[in-house]
Amino acid sequence: MTTAFFGELMLRLSPPGRELLLQTPKLEVNVGGAEANVATGLACLGHKVRMISAVADNPLGGAVIGELRRRGVDTSTVAVEAGRLGLYFLTPGAGLRASEVVYDRAHSVFADRAESAWDWDVALEGATRLHLSGITPALGPNTAAAAIAAAEAASAKGIPVSFDGNYRAKLWEAWDSDPRSVLTRLIGHADILFGNHRDVSLLLGREFSGDGSDRRREAAQAAFEAFPKLQIIASTARHVDDADSHRIAARIDMRSSWHQTKEILVAGIVDRIGAGDAFAAGVLHGLAEGGDAKAAAEAGLALTCLKHSLPGDASLFTRADLDAFGEGLDVRR
């Protein structure tokens, strides 16, 4: 079983520690990209994954490919072409100061690649699932068309599609976009949606009443009614006390049932970027292992909590780490 991921590969640059951007002339570099983060997380859990993307034909693109290969990701369908690699800059939060992201990914190789340049017969050969996110279509008209073409090709081949909402207003607002229309077309092909009531509100143009669990269930039922293929909605609820302390719960909604975990306090946070991608990897892992809603929700919650302890964008935890989660914090010997 091979899960294919379509999305941009990029580099994250951030100041050391909790410094402000360019407070000192130093930047730490990590490989980034929402879909690549999920792919890496699954690969570290022992699953076969393939990345479909395009990177710059220079040392930066080569470094990104090398890092993914080192983590067990198949990069045979990553195109290497002249141009630039997308970047983003992260200023980590601290205390009551929120983290901040600055994008520098306009006109990257991936963003400017024409929809017709992608060969979906080759890219999806042997794939048993395609994973997409809302970041890819938000980059511009080329990637929006390519994401739709990828979802349509997967559906035509009988390959299930999972979709992570990942709404990024800054990206959509940078061009003459229609996010609701594009996202509706994409989610129409999905059997799994990673998103919450806010994502469903955006898609359906309506608000949901109630609070907490009731509101999420109402939104889930509305999404199931609107999207016949949709079978699972996975989400997290995060309460932020400060930059170093969050309380997180996970939830899986199915058409006739749902499961919500208890809330876990995640303190001493090292890096929260990529935690949602780790959640997606954990849920996909739980489902691939034959787990039910409870097992999938708990695997997703465990992996997202663990990710907060790790610098960088991607979860690098193994099955042993996942199995040991919650067994205590003494040294494992």
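Trainee: Which residues does Ile65 touch, leaving out those up to four places away in sequence?
Mentor: Ile65 touches Val55, Thr75, Val78 and Val80. Contact here means heavy atoms within 4.5 Å.

Trainee: What kind of model is this?
Mentor: The model is predicted, so local features need pLDDT of at least 70 and side-chain atom pairs count only at pLDDT 80 or more, while totals for chains, interfaces and linings use all residues. Residues are numbered from 1 along each chain as its sequence is written, and side-chain values use heavy atoms, with hydrogens and water left out.

Trainee: Back to Ile65. Where does it lie?
Mentor: Ile65 lies in helix α2, residues 59-70. Helices (H or I, at least four residues) and strands (E, at least two) are DSSP runs, numbered from the N terminus.

Trainee: Is Ile65 buried or exposed?
Mentor: Ile65 is buried, at 10% relative accessibility. Buried means under 20% relative accessible area, exposed means over 50%, and partly exposed is in between (1.4 Å probe, protein chains only).

Trainee: And Val55, where is that?
Mentor: Val55 sits in strand β4, residues 48-56. Val55 is buried too, with a relative accessible area of 1%.

Trainee: What does Val55 touch, beyond residues up to four places away in sequence?
Mentor: Its contacts include Leu9, Gly61, Ile65, Val78, Leu85 and Val109. Take Val78: 23 residues separate it from Val55 in sequence, and the C-alpha atoms are 7.1 Å apart in space.

Trainee: New topic, aromatics. How is a pair of rings described?
Mentor: By the distance of the centres and the angle of the planes. Rings of Phe, Tyr and Trp (its six-membered ring) pair if their centres lie within 6.5 Å; planes under 30 degrees apart count as stacked, over 60 as edge-to-face, and the rest as tilted.

Trainee: How many aromatic pairs does that rule give?
Mentor: Seven aromatic pairs. Among them is Phe6 with Trp120: the centres are 5.0 Å apart and the planes are at 90°, so this pair is edge-to-face.

Trainee: Which parts of the chain does that pair tie together?
Mentor: Phe6 lies in strand β1 (residues 2-6) and Trp120 in helix α4 (residues 120-123), so the pair ties together parts that are 114 residues apart in sequence.

Trainee: Are those two buried or exposed?
Mentor: Phe6 is buried at 0% relative accessibility. Trp120 is buried at 8%.

Trainee: What about Phe194 and Phe279?
Mentor: Their ring centres are 6.2 Å apart and the planes are at 85°, so the pair is edge-to-face. Phe194 is in strand β10 (residues 190-194) and Phe279 in helix α11 (residues 275-288), 85 residues apart. Phe194 and Phe279 are both buried.

Trainee: What lies over the face of Trp118?
Mentor: Arg113 does, 4.3 Å from the ring centre. A charge sits over a ring if NZ of Lys or CZ of Arg is within 6 Å of the ring centre and within 35 degrees of the ring normal. The charged end of Arg251 sits over the ring of Trp258 as well, at 4.2 Å from its centre.

Trainee: Last one, Ser14. Where is it, and what does it touch?
Mentor: Ser14 is in strand β2. Its contacts, not counting residues up to four places away in sequence, are Lys26, Leu27, Glu28 and Leu90. Ser14 is buried, with a relative accessible area of 3%.
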